[in-house]
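Here are a few friendly notes to read with the model open beside you.

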Protein chains: 2
Amino acid sequence: MKVNNKERIFNVSIYLFSEHGYDGVSIRQIAGEVGIKESSIYNHYASKEAILDAILNFYIEKMLSQDIPIEDAGANLDLGFDYFYQAGLESFATHLKDEKMSKITRIILIESYHNEKINAFLKKSIINDAVDGWVKLFDLMKFKKVIREDADSRQLAESFYKYGMFLLYEHYIVNYPEDDNEFVEMLCEKSRRHIELIYNSVRR
Amino acid sequence: MKVNNKERIFNVSIYLFSEHGYDGVSIRQIAGEVGIKESSIYNHYASKEAILDAILNFYIEKMLSQDIPIEDAGANLDLGFDYFYQAGLESFATHLKDEKMSKITRIILIESYHNEKINAFLKKSIINDAVDGWVKLFDLMKFKKVIREDADSRQLAESFYKYGMFLLYEHYIVNYPEDDNEFVEMLCEKSRRHIELIYNSVRR
DNA sequence: GTCTATACCCAGATAGAC
DNA sequence: GTCTATCTGGGTATAGAC
C-alpha cells in the first residue's frame, strides 16, 4: 500500500530535518527512507526547498489556528491573571506534546539563522506577538490594581517570556535529545516558579 | 606581503562561518577570500574541520583565561552583591565587544545543535558553570541575610541567567545582523532591570 | 608554501520510457 | 506516479611540479 507517498515524504522530511538540519539531509536520503527513487520526489514537490516550505506552512497554520486567549484579556477583565496564564502557557505546551509539532519546533530553531521565512515567523509570531500579549496582560493587572502602577509592563513581559524561550532553546538545541513530554512538564513548572518571582516583585 | 596566510585563513573562516554557518562555507570560498588556491589551505590545516576546531579552541582559551569572580564569592564575603554582579556580567560583555569573539559566539550558537565539541562547551562552560556561579552568589546573599532564607537559590540563578541567555540567542540568531556594541549596552541595561525584579521579590 | 591537475564523491534536478 | 539514466555543478582532499 503506497497510498499517499506525498504524505510519507512530508513526514520523513520532518523527522530527518529535525535530526540533521535541512542542509544535512539529501533528497536521496528522504527518498531512501520513504522507499522510492529520488526522481519520484519531484512528482510531489517541486524542490527540496518546497518540502521545507510545506512543513513550515503546516506548523504556522496549526499554531495560528488556535485562539490566543491573552489577546482577549482587555475584553475579559473579569477573568483573573491565573486564567490567562494557564491558557497562554498551555496552548503552547499542548502543541509541543504533539510529536510532529515538536520536531518542527526544533527545525525552526535550527534553521532560523539562515532561512528568511522561518526567521520572520519565529521573530513575529513566536516571540514578538507573544510578548505583546503578555504586555497587555500586565497592563490589565495594573488596571485591576493587582500589581503596582509604576511597574514596567514590557519589562515584566520580557522578563517572564524570554526566560521560557531560553528553556525552549535549551531543550531543543543544547540538551537534545531528551524526552519532550518531560520537558513540557518541566517548562510549566519552572515557568510557574519564575512568574511567581516576578509577580512577588510588583504585587500590591 | 603574504605573511601569515594561516592567520588570514583563520580570520576569514571566522567571518564566513559566522555569516553562513559551517556547512554553508566551502574550502574554495575560504581560499578565494584569502586569495590563494584551495589546495594551499591544507598546508596550514589538515581539514576543514580542523579550522573550526582551531576557532573553538581560540574562543575557549580566551573565555576560560579570565578569572571568574563569582566563583570566589564564598571567599570574599565582604564584597557586596553589586560587585559580583558587575564583575560577572562585564567580563562576559567585554568579550562580546571584541569583534572576533562576537562572531565566534554566533558560530557557537549556530553549530551547537550538531557539533559535539561546541555543544559540550556551550552546555558546560557557558550555561551550567555560569548558573552554578550565580547559585553560589545567591547562597551568599542568603548567608548575609540580604535575601530571604526560604528563597530557592537555583531558581533565582536560572531565572536571572537564562533570561540573559535568550537575549544572546535573540541577538545572534533571530535579529542578526544588528550592532554588537549597542546590543551589549542593551544586554547590561535589561539584565540590570531584570535582576532588580528578581531581587525585589526575595529581599528582606 | 603555493601552484596545477585531478581523483572521487555526492548534491539537486530533469528527460523520457513504462 | 515510478522508474532508469543522465546532466551539471560543487564539495573535500591529494599528488607532485616548481
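This is a predicted model: local features need pLDDT of at least 70, side-chain atom pairs count only at pLDDT 80 or more; totals for chains, interfaces and linings use all residues.

1. What is chain A built from? The chain contains 9 helices and 0 strands, and its pattern along the sequence reads α-α-α-α-α-α-α-α-α. The C-alpha trace of chain A spans about 65 × 30 × 30 Å along its principal axes. Of the 204 residues in chain A, 33% are buried.

2. The domain assignment divides chain A into domain 1 (1–53) and domain 2 (66–202). Their C-alpha centres lie 32 Å apart. Where these domains touch, domain 1 of chain A contributes 6 residues and domain 2 of chain A contributes 7 residues. On the domain 1 side of that contact you will find 4 nonpolar, 2 polar and no charged residues.

3. Now for the pairing of the two protein chains. In the contact between them, 29 residues of chain A meet 29 residues of chain B. On the chain A side, helix H7 (116–143), helix H8 (153–174) and helix H9 (180–202) each supply at least two residues. H8(A) provides the largest share, with 10 residues. Sorted by class, the side of chain A that touches chain B holds 14 nonpolar, 11 polar and 4 charged residues.

4. How are the two copies related? Chain A superposes on chain B by a rotation of 180° with 0.0 Å of shift along its axis, at an RMSD of 0.0 Å. That is the relation of a two-fold axis. Why can we say that the copies meet through the same surface? Because 100% of the interface residues of chain A are also interface residues in chain B.

5. The largest nonpolar core has 96 residues, and Phe166(A) and Phe166(B) touch the most other members of it. Setting aside neighbours within four places in sequence, Phe166(B) is in contact with Lys162(A), Tyr163(A), Met165(A), Phe166(A) and Tyr169(A).

6. Next comes DNA strand C, which is surrounded by 15 residues. The closest are Ser26(A), Ser39(A), Ser47(A), Lys37(B) and Ser39(B). The elements that give two or more residues to this surface are helix H2 (27–34) and helix H3 (38–41) of chain A, along with helix H3 (38–41) of chain B. By class, the surface near DNA strand C has 3 nonpolar, 7 polar and 5 charged residues.

7. DNA strand D has 16 residues around it, and the closest are Lys37(A), Ser39(A), Ser26(B), Ile27(B) and Ser39(B). Here the elements giving two or more residues are H3 of chain A together with helix H2 (27–34) and H3 of chain B. Which element gives the most to the surface near DNA strand D? That is H2(B), with 3 residues. The class count for the surface near DNA strand D is 3 nonpolar, 8 polar and 5 charged.

How values were computed:
Residues are numbered from 1 along each chain as its sequence is written. Chains are lettered from A and ligands numbered from 1 in the order in which they are written. A residue is near a molecule or strand if its C-beta atom, placed from the backbone, lies within 6 Å of it. Helices (H or I, at least four residues) and strands (E, at least two) are DSSP runs, numbered from the N terminus. Ala, Val, Leu, Ile, Met, Phe, Trp, Tyr, Cys and Pro count as nonpolar, Asp, Glu, Lys and Arg as charged, and the others, Gly among them, as polar. Two residues are in contact if their C-beta atoms, placed from the backbone, lie within 7 Å. Copies are superposed by least squares on the C-alpha atoms of residues with pLDDT of at least 70 in both. A nonpolar core is a set of buried Ala, Val, Leu, Ile, Met, Phe, Trp, Tyr and Cys residues joined through C-beta atoms within 7 Å. A residue is buried if 20 or more other C-beta atoms lie within 10 Å of its own, exposed if 12 or fewer, and partly exposed in between; C-beta atoms are placed from the backbone. Domain bounds come from an automatic or database domain assignment.
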